[in-house]
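Good morning, and thank you for coming. Please look at the sequence and the structure on the screen while I speak.

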Amino acid sequence: MILEVQDLYTSYGLSQILFGISITVDEGECVSLLGRNGVGKTTTLRSIMGLTPPRRGTVRFRGQDITGQPAYRIARLGVGFVPEERRIFPDLSVRENLEVGRKAAATSHATEWTVEQVYDIFPVLANLNDRKGGYLSGGEQQMLTVGRTLMGNPDLILLDEPSEGLAPLVVRDLSEQIQRLKESGITILLCEQNAKFAIALSDRAYVLEKGQVRFSGTIEDLQGNDEIRQQYLAL
Ligand SMILES: Nc1ncnc2c1ncn2[C@@H]1O[C@H](COP(=O)(O)OP(=O)(O)OP(=O)(O)O)[C@@H](O)[C@H]1O
Ligand SMILES: [Mg+2]
């Protein structure tokens with residue numbers, strides 16, 4: 001087990017958002033966290049990453065308790081976070097944006113990513129090598145954000161709504177690219193409102209509602225569960 005989240009309670013000030021979230025992710029898996037907007041998906045990722053430390057509960061990465069540690073330290077251990085808002089550097093070229101993400105591999109398990117390997121996953125970016133980040137389309141920026149996180153050689157990558165705001169054709173490309181990423185051996189925890197997109201990529205899923213897990217199981221279980229799909233996923 002690479003990630004073990006146990007009974008997480010997180011709040012922003014007085015407003016309590018997570019009420020006992022428990023999830024696990026095994027090495028090499030792609031696991032999705034599904035649910036409508038505002039159910040606590042981003043808050044769960046932020047709690048894992050130490051950006052919004054939980055009030056209660058534990059987060060273990062490779063067995064080590066990392067609960068509430070500063071995000072930079074968690075990143076150094078091998079967790080990459082791709083936030084919802086794509087924070088690329090508008091004045092740097094695509095290659096420079098990727099170089100900025102470079103950092104030594106945390107463990108012997110991690111691949112040492114090069115810019116060229118990132119371009120193998122996202123061929124579109126290779127053609128945009130010299131283009132300034134600020135001139136990229138939304139889909140290209142999303143690919144660049146994921147690519148930059150890969151340059152930090154994570155073992156586990158937390159992806160927050162990568163498909164958000166992208167045209168259907170771009171989402172299809174992104175799906176193929178994330179599939180390739182998965183085949184490279186990286187472990188993925190994927191948050192999505194777009195359940196169809198996430199289900200196609202995932203081995204297992206958790207469905208959240210009001211800060212609690214309402215379903216957990218394999219993708220086959222989820223597809224066979226009409227009630228959960230209709231009630232929480234609008235599928
Ligand atoms: N910084 C904040 N301060 C106060 N409340 C917040 C803050 N960030 C999020 N919230 C609230 O926490 C709840 C859960 O938000 P969260 O962003 O985790 O949901 P989400 O499942 O990621 O939604 P979406 O699919 O829209 O991204 C929402 O009600 C939101 O309004
Ligand atoms: Mg969110």
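Let me begin with a definition: a polar contact is a pair of N or O atoms within 3.5 Å; within protein, one atom must be able to donate a hydrogen and the other to accept it, and residues adjacent in sequence count only if both atoms are side-chain atoms. This is a predicted model, in which local features need pLDDT of at least 70 and side-chain atom pairs count only at pLDDT 80 or more, while totals for chains, interfaces and linings use all residues. Residues are numbered from 1 along each chain as its sequence is written, chains are lettered from A and ligands numbered from 1 in the order in which they are written, and side-chain values use heavy atoms, with hydrogens and water left out.

The side chain of S11 makes a polar contact with the side chain of R55, at 3.3 Å. S11 belongs to strand 1, residues 3-12; strands (E, at least two residues) and helices (H or I, at least four residues) are DSSP runs, numbered from the N terminus. With a relative accessibility of 12%, S11 counts as buried. Buried means under 20% relative accessible area, exposed means over 50%, and partly exposed lies in between, with a 1.4 Å probe and protein chains only.

Next, the sheets. Strands of a sheet pair through backbone hydrogen bonds, either parallel or antiparallel. Here, two strands pair if DSSP finds at least two bridges between them. Four strands form an open sheet in the order 2-1-4-5, with antiparallel pairing. Strand 2 (15-25) and strand 5 (64-65) stand at the edges with a single partner strand each, so one side of each has no neighbour in the sheet. Strand 4, residues 56-61, is joined to strand 5 by two bridges, and R60 has D65 as its bridge partner in strand 5.

Which strand pairs with strand 6 in the parallel sense? The partner is strand 7, residues 156-160, and four bridges connect the two. Within this pair, G80 stands opposite I157 of strand 7. In strand 6, residues 79-82, V79 and F81 point one way and G80 and V82 the other way, and all are buried.

I turn to the cysteines. A disulfide is a covalent bond between the sulfur atoms of two cysteines; the rule used here asks for a pair of cysteine sulfur atoms within 2.5 Å. By this rule there are zero disulfides.

Strand 3, residues 30-34, holds S32, which is buried with a relative accessible area of 0%. S32 and A195 lie 163 residues apart in sequence, and their C-alpha atoms are 8.7 Å apart in space.

Finally, the ligand. A residue is near a molecule or strand if one of its heavy atoms lies within 4 Å of it. Ligand 1 has 13 residues around it, of which G38, K41, T42, T43 and Q193 come nearest. Oxygen atoms of ligand 1 lie 2.7 Å from a polar side-chain atom of K41, 2.9 Å from one of E84 and 3.0 Å from a backbone N or O atom of G40.
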